[in-house]
Every structure is written in structure tokens, then in C-alpha cells.
Amino acid sequence: MVARYSFPLGCSSRCAYIAVERSHAIAKFQRRSGWQSLDRPILVHRERSNYRLRLRDGGDIALDLLSPEERGRIIVCNDDGTPSEPAVLWLSEVGLPVQPNSWEVIFARASARCRSFGFDVNISPHQLRHSFAVHMLAMLIQHRLRDAALPAGPMEGYRQVLGDPLQQVQRLLGHASLATTYIYLDHIATRADTVDAAVEELLALLPSETSL
């Protein structure tokens, strides 16, 4: 996930993190020329277009084609071409990208602190990813039901109600196949209240039998 090219935190939390902790980390990164410690850094300009990154040495590349490991090597440059900061959102104290395996340790320590205060908590990054996917899918279906016109047929109805939201969640999660994203439909029952409310709103907009 890249800070300038992504993704999903609450605005207030993200803005506070970027303004304080991340800014301090970037300052250390710049003082230490931290990009020199990265293997094969990908140097890009700040400007981008349609999720394509402009490479400092010319050309561009689609962000979606980069692996998580490659995204961790993206370094955003100043206008004069000087490497400035990693593109990823979450940085270590010295401004280097937080590695994926570090998140497991961070969550394990946080869960242990919660348990020490009497809260039975054992949360992993994957569980938060799963919760995000289920809630996002439920909300997208809710908006689709509110905004969509009556379907032309059964298959069109499924595409309007499920297809587009599933594809959006697929892109957010980075699933290569939509079939993987379909798994989250099994968990929509945990957000049935959200979907049911949207269905009721949609039915209220339909003409009654007496008016036909």
C-alpha cells in the first residue's frame, strides 16, 4: 500500500499520522539518505496519472503491475529528481518501509497488552483485512441497491447488485481472481442489517401493485 497512491485509513487518523509520526520518520530517512539502503529502489516523480507512476529516468509503469515487494521499493523524488521519501504509508522510526512480517509482531504485542488488561483479544492483520472486506462489500451492495435501476433480467440483476461491488473489493484486496473474492459473500450475513436496510429502501421506491 502506498501513501500517495492508495488507500484506506480514516481521514483524521491518517492525517494525524502523516503530519506527525510519518513526517519525523521521513526527516530521518532524508538525513540518512535512506534510499541508499534499499535494494534496487524504484525512483518516481510525484505526479501520476491513472495509477501509472512516472519513473525518474523516463517512462512510466502501472502501479497495479507492481508486487507488494516492489511497491516497498518505490521512492518519491522532489521536482529536481532528488530522492525524498518512500511511497508506502507505514514507515519505521528511521523512515524505511515496515516489512510485512513486522505487522504480525506488532499485532501480537498489541493483543498481548490487551490481554494483560483483562481483554480477551487476539487480532491478526489478516483478521482486519477480512473485516474490512466484509464491511466494504456490504456497504457497496447497499449503495448499489439504492442507486441501481430495476434489472433487465436475472443475470443483469446479479451483475448490478454483486458484480461491480465484488470487482471493487477484488481490486482493493489485490485478488488475482474474482473467485477468491466471492468467499466474502459467505460472511455477508454478519452485515445483513446493512443489506436488508438497503433492500427495504429500494422496495419503498418501487410502484405498488395498486398503482400499476
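These are notes on a predicted model of one protein.

1. Overall make-up. The protein contains seven helices and five strands. Read from the N terminus, the order of its elements is α-β-β-β-α-β-β-α-α-α-α-α.

2. Burial and surface. The protein has 212 residues, and 31% of them count as buried. Its accessible surface is about 13500 Å². Carbon and sulfur atoms account for 56% of that surface.

3. Contacts along the chain. Take the contacts in the protein between residues at least 6 apart in sequence: 56% of them join residues at least 24 apart.

4. Helix H3. This helix covers residues 100-116, which is 17 residues. At 1.5 Å a residue H3 should span 24 Å, and the computed distance between its end C-alpha atoms is 25 Å, so the two values agree. Just after H3 comes Gly118, with a positive phi of about 90°.

5. Glu47 lies in strand E1, which runs over residues 42-49. Its relative accessibility is 41%, and Glu47 therefore counts as partly exposed, because that class lies between the 20% limit for buried and the 50% limit for exposed.

6. Glu47, partners. Which residues does Glu47 contact, leaving aside its neighbours within four places in sequence? They are Arg54 and Asp79. With Arg54 there is a polar contact between the two side chains, at 3.4 Å. Asp79 is 32 residues away from Glu47 along the chain, and the C-alpha atoms of this pair are 9.5 Å apart.

Conventions. Residues numbered from 1 in each chain as written. Predicted model: local features only at pLDDT ≥ 70, side-chain atom pairs only at ≥ 80, totals over all residues. Heavy atoms only, no water. Helix = DSSP H or I, 4+ residues; strand = E, 2+ residues; numbered from the N terminus. Expected span 1.5 Å × (residues − 1). Buried < 20%, exposed > 50% of the residue type's maximum accessible area, 1.4 Å probe, protein only. Contact = heavy atoms within 4.5 Å. Areas by Shrake-Rupley, 256 points an atom, 1.4 Å probe, with all protein chains shown as cover. Polar contact = N/O pair within 3.5 Å; in protein donor to acceptor, adjacent residues only side chain to side chain.
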